[in-house]
Amino acid sequence: MSATADHAEERTNPAARLGFQPGQVVQEIGYDEDVDQELREAIEEAVEGDLMDEEYDDVADAVVLWFRDEDGDLTDALVDATTYIEEGGAILLLTPKTGRSGYVEPSDISEAATTAGLTASKSVSVGKDWSGSRLATPKAAKSKR
């Protein structure tokens with residue numbers, strides 16, 4: 001029964017699917033009243049700690065970046081986010097789903113990630129209103145050999 005429960009948790013807990021691990025320091029950028037509170041709580045549960053806010057001034061293992069179309073230049077936001085993570089860290093880019101206010105085109109995400117020197121995984125649904133893309137630096141990917 002526990003194996004089934006573990007599989008059920010993996011399917012229902014997006015933070016587990018996204019690879020968040022206990023002990024990780026995760027910085028959150030772009031927080032606003034429209035963010036998915038359930039996802040935030042799931043990430044905090046997965047890392048067994050609070051998300052660090054934009055004022056956090058140390059290196060993080062990962063960055064959660066909430067980004068909406070009206071937030072400015074996505075490439076700039078991604079480049080800025082890379083300064084907060086250590087080598088091997090990842091950025092979880094969260095954007096509103098199709099049809100939601102602030103929706104960002106997948107081609108814009110791909111172009112911005114490439115320009116910022118990041119590699120993007122496919123987009124995954126992480127909540128009712130948000131999609132996520134896990135982004136990593138190519139250097140980090142090579143160092144994992």
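Trainee: Where is Lys128 found in the protein?

Mentor: Lys128 is found in the loop between β5 (124-125) and β6 (130-136). Strands here are DSSP runs of E with at least two residues, helices are runs of H or I with at least four residues, and both are numbered from the N terminus. Please note that this is a predicted model, in which local features need pLDDT of at least 70 and side-chain atom pairs count only at pLDDT 80 or more, while totals for chains, interfaces and linings use all residues. Residues are numbered from 1 along each chain as its sequence is written, and side-chain values use heavy atoms, with hydrogens and water left out.

Trainee: Is Lys128 buried or exposed?

Mentor: Lys128 has a relative accessible area of 63% and is therefore exposed. The classes are buried (under 20% relative accessible area), exposed (over 50%) and partly exposed in between, with a 1.4 Å probe and protein chains only.

Trainee: And which residues does Lys128 touch?

Mentor: Not counting residues up to four places away in sequence, Lys128 touches Asp36, Lys97 and Arg100. Contact means heavy atoms within 4.5 Å.

Trainee: What share of the residues is buried?

Mentor: Of the 145 residues, 40% count as buried. The accessible surface comes to about 8400 Å², and carbon and sulfur atoms hold 46% of it; the Shrake-Rupley method with a 1.4 Å probe gives these areas, and for residues only the protein chains shown count as cover.

Trainee: What percentage of the contacts with a separation of 6 or more joins residues 24 or more positions apart?

Mentor: That share is 73%.

Trainee: On to the helices. At what angle do α4 and α5 pack?

Mentor: Helix α4 (residues 74-82) and helix α5 (residues 106-115) pack at about 45 degrees, and their axes are 8 Å apart. The axes are lines fitted to C-alpha atoms, for helices over the stretch in contact, and angles run from 0 to 180 degrees between N-to-C directions. The two helices are therefore oblique to each other; angles under 35 degrees count as roughly parallel, over 145 as roughly antiparallel, 65 to 115 as roughly perpendicular and the rest as oblique.

Trainee: Which residues make that contact?

Mentor: From α4 they are Leu74, Thr75 and Leu78, and from α5 they are Asp108, Ile109, Ala112, Ala113 and Thr115. These residues divide into 5 nonpolar, 2 polar and 1 charged. Ala, Val, Leu, Ile, Met, Phe, Trp, Tyr, Cys and Pro count as nonpolar, Asp, Glu, Lys and Arg as charged, and the others, Gly among them, as polar.

Trainee: Thr75 is in that list; why does it count as buried?

Mentor: Thr75 counts as buried because its relative accessible area is 18%. Leaving aside neighbours within four places in sequence, Thr75 is in contact with Ala112, Thr115 and Ala116.

Trainee: New topic: what is the phi of Glu48?

Mentor: Phi of Glu48 is near 60 degrees, a positive value in a residue other than glycine. Most residues other than glycine have a negative phi. Glu48 sits in the loop between α3 and β2 and is exposed, at a relative accessible area of 64%.

Trainee: Where does Gly49 lie?

Mentor: Gly49 lies in the loop between α3 (37-47) and β2 (60-66). Its relative accessibility is 27%, so Gly49 counts as partly exposed. The C-alpha atoms of Gly49 and Gly23 are separated by 7.4 Å, with the two residues 26 apart along the chain.

Trainee: Finally, where does Asp71 lie?

Mentor: Asp71 lies in the loop between β2 and α4. Asp71 is partly exposed, with a relative accessible area of 37%. Asp71 and Gly30 are 41 residues apart in sequence and 8.5 Å apart in space, C-alpha to C-alpha.
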